[in-house]
Amino acid sequence: MKQHRLRRALTLLGVFLKIGAFTFGGGYAMIPLIEREVVEKKGWITSDDMLDIIAIAESTPGPIAVNSATFVGYKTCGVFGAVCATLGVVLPSFVIISLIALILNQFQNNEIVQFAFNGIRAGVLALIIKALWTMYKKCPKSALSYILMAGSFLVAAFTDINVIYIIVACALVGLVTSLVMARKEKTL
Amino acid sequence: MIFWELFYTFFLIGLFTFGGGYAMLPLIQERVVANGWMSSQQITDFIAVSESTPGPFAINIATYVGTETTGGNVFGAVCATLGVVLPSFLVILLVARIYEKFKRSRIVAGCMTGLRPVVVGLIASAVLGMAADVFLPMMAEMPTLSLWDQIAAAVTTVPFYMSLFIFAWMLVLVFKKVHPVVVILLSAALGIAGGYIDKFWI
């Protein structure tokens, strides 16, 4: 039994190493890969579990990739499984970026590289605007959410107030508003 | 101590990011720039590196900042990466035990009604900062100049129109769902071409 668990945890490590090494674009790009490996091939969790995992990864702090790896690992093989899956998803990034950091510095003063990055910055701006648009589309629309969007934008862009305070304040506003609304519905 | 600072900073970043991916960007911009670890322009450059290498942005930038600030010390990278991963890991372990309750919790749902829009607002503000870096590069050198003077100075330069051209083209490609790596390679090529045209012909 114990050996069985150990083998399963090691397989988890292997599966998530592969996922970490071959997904470009982070969290959401990983979900279909996790599904194929863990649901279809191994049958460790069901596809209903997978939907729950996405919902939970979105409503807990941290990167989606780490959240879903930890959750799948825990579901499959307990805390040890969670450690293996998380380590697996982190390790390829860690190794690749450590190597790149060493090389990147040597090229920073190179003229061609500087020209390239002048162009790349404009391209990245376009990529982030797309990410912003995706986030906007996914966000449920209500008067409150428009107010919070505009408010947090203005405060973050034009004041020095700590971003963490803005996040906490908006979470509290959302919480209080929805609790008050729920109570109103009850009394009606 | 730098190792503790790396761990602590990225722990906070991990703890207060909801929605994954670039939701982390405003916090990273604030904390990492405030600590003097990277300039906002370097962060933009690193997004391109991260998009072209495997793995999540959060892990990539934590590892990079950890390596850079400690002069290539692996332990710095370990501290930053562990910091950004640990809040996720601990919270998920906790939630996994009570997850039926968590799914139905009104408190969680209530907080999410506030958190989803704040992420949009914060990324929008990060976009504004990046746009200033791209189109008004003199801002960093001459921060005392007013915004209008900055714009007036920028529109007389060739690089401004090159950036505008690359940005507009890439925006079209991005919304046509062209792969990010293709977008980055193409804008790099255009940047190089533009740089030499500016240098030798104008």
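Helices (H or I, at least four residues) and strands (E, at least two) are DSSP runs, numbered from the N terminus. Read that way, chain B runs α-α-α-α-α-α-α-α-α-α-α along its sequence, with eleven helices and zero strands. Please keep in mind that this is a predicted model, in which local features need pLDDT of at least 70, side-chain atom pairs count only at pLDDT 80 or more, and totals for chains, interfaces and linings use all residues. Residues are numbered from 1 along each chain as its sequence is written, while chains are lettered from A and ligands numbered from 1 in the order in which they are written.

**Chain B overall**

- The C-alpha trace of chain B spans about 65 × 40 × 35 Å along its principal axes.
- Two residues are in contact if their C-beta atoms, placed from the backbone, lie within 7 Å. Among contacts in chain B between residues at least 6 apart in sequence, 58% join residues at least 24 apart.

**Where the two chains meet**

- On the chain A side, 84 residues are in contact with 93 residues of chain B.
- Helices α1 (2-22), α3 (47-58), α4 (64-107), α5 (111-138), α6 (143-158) and α7 (163-187) of chain A each supply at least two residues of the side that touches chain B.
- That side of chain A has 57 nonpolar, 22 polar and five charged residues (nonpolar: Ala, Val, Leu, Ile, Met, Phe, Trp, Tyr, Cys and Pro; charged: Asp, Glu, Lys and Arg; polar: the others, Gly among them).

**α5(A) against α11(B)**

- The axes of these two helices come within 6 Å and cross at roughly 135 degrees (axes are lines fitted to C-alpha atoms, for helices over the stretch in contact, and angles run from 0 to 180 degrees between N-to-C directions).
- α5(A) and α11(B) are therefore oblique to each other (under 35 degrees is roughly parallel, over 145 roughly antiparallel, 65 to 115 roughly perpendicular and the rest oblique).
- Residues of α5(A) that meet α11(B) include A:Phe117, A:Gly119 and A:Gly123, and those on the α11(B) side include B:Gly191 and B:Tyr196.
- The residues of this contact divide into 15 nonpolar, seven polar and no charged.

**A:Phe117 up close**

- A:Phe117 sits in helix α5 of chain A and is buried, with 23 other C-beta atoms within 10 Å.
- Not counting residues up to four places away in sequence, A:Phe117 touches B:Asp45 and B:Gly191.

**α3(B), a mostly covered helix**

- Helix α3 (residues 40-51) of chain B has twelve residues that should span 16 Å at 1.5 Å a residue, and its end C-alpha atoms are 17 Å apart, which agrees (the expected span is 1.5 Å times one less than the number of residues).
- Nine of the twelve residues of α3(B) are buried, including B:Asp45, B:Phe46 and B:Glu51.
- Their cover includes α4 and α5 of chain A, together with α2 (25-34), α4 (57-69), α7 (106-135) and α11 (180-200) of chain B.

**α4(B) against α5(B)**

- α4(B) and helix α5 (residues 74-97) of chain B pack at an angle of about 150 degrees, with their axes 7 Å apart. That makes α4(B) roughly antiparallel to α5(B).
- The residues of this contact divide into eight nonpolar, seven polar and no charged.

Definitions and conventions:
A residue is buried if 20 or more other C-beta atoms lie within 10 Å of its own, exposed if 12 or fewer, and partly exposed in between; C-beta atoms are placed from the backbone.
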